[in-house]
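Welcome! Take a moment to look over the chain, and then let us walk through a few of its places together.

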Amino acid sequence: MSLKNPDAIAVIVSALRDVHGDDVARMMLVEGMSLANLLDAMFSAPLTHREAIRAITDGLDDFIITPDLGPVWHLKYIYGNQPGSLHVVDLEIATPDGTLASTDAWLRLAS
């Protein structure tokens with residue numbers, strides 16, 4: 001398998017293993033997980049918040065996303081409650097057909 005962003009995927013895999021253990025991490029990558037589950041694991045891993053978000057956004061091209069988003073989509077960042085906050089707390093995926101919450105987007109590592 002040829003990854004588009006192997007460094008980002010390595011960070012994601014490491015974080016999933018750190019938080020859930022090797023067997024569960026492998027299952028999540030192969031069987032799939034919601035974007036919300038990935039965010040929770042990444043925020044629980046020993047990474048800075050910025051490193052976690054960067055790995056997720058850089059690594060999304062290597063995941064099969066369900067439902068099919070089509071060719072035109074982009075990430076919407078949800079920031080913390082503080083005025084002027086740049087602390088990302090969630091992600092949504094905007095498409096021409098509507099916006100998917102992180103709980104509605106299912107990710108599986110492309111093989």
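## A serine in a loop

Let us start with Ser102, which counts as buried because its relative accessibility is 3%, and buried means under 20%. Keep in mind that this is a predicted model. Ser102 sits in the loop between strand E5 (98-100) and E6. Which residues does Ser102 contact, leaving aside neighbours within four places in sequence? They are Ser34, Leu35, Ala36, Leu39, Asp90 and Leu91.

In soluble globular proteins, nonpolar side chains tend to be buried together. Here, the largest nonpolar core holds 31 residues, and among those with the most contacts inside it are Ile12, Leu35, Met42 and Phe63. Elements giving two or more residues to this core include helix H1 (6-20), helix H3 (35-44), helix H4 (49-59) and strand E2 (63-66).

Look at Ile12 in particular. Not counting residues up to four places away in sequence, Ile12 touches Leu38, Met42, Ala55, Ile56, Gly59 and Phe63.

## One side of helix H4

The buried residues of H4 are Ala52, Ile53, Ala55, Ile56 and Gly59. They lie on the same side of H4, because they cover an arc of only 160° around the axis. Among the elements that cover these buried residues are H1, H3 and E2.

## A patch on the surface

Now turn to the outside. Tyr77, Tyr79 and Leu86 form a nonpolar surface patch, with about 340 Å² of accessible area together. Tyr79 belongs to strand E3 (residues 74-79). Is Tyr79 buried or partly exposed? Tyr79 counts as partly exposed, because its relative accessibility is 38%.

Key. Residues numbered from 1 in each chain as written. Predicted model: local features only at pLDDT ≥ 70, side-chain atom pairs only at ≥ 80, totals over all residues. Heavy atoms only, no water. Patch = residues over 30% accessible without salt bridge, like charges linked within 9 Å, V, L, I, M, F, W, Y side chains within 5 Å. Areas by Shrake-Rupley, 256 points an atom, 1.4 Å probe, with all protein chains shown as cover. Salt bridge = Lys/Arg side-chain N within 4 Å of Asp/Glu carboxyl O. Helix = DSSP H or I, 4+ residues; strand = E, 2+ residues; numbered from the N terminus. Buried < 20%, exposed > 50% of the residue type's maximum accessible area, 1.4 Å probe, protein only. Core = buried A, V, L, I, M, F, W, Y, C linked by side-chain atoms within 4.5 Å. Contact = heavy atoms within 4.5 Å. Arc of directions from axis to C-beta.
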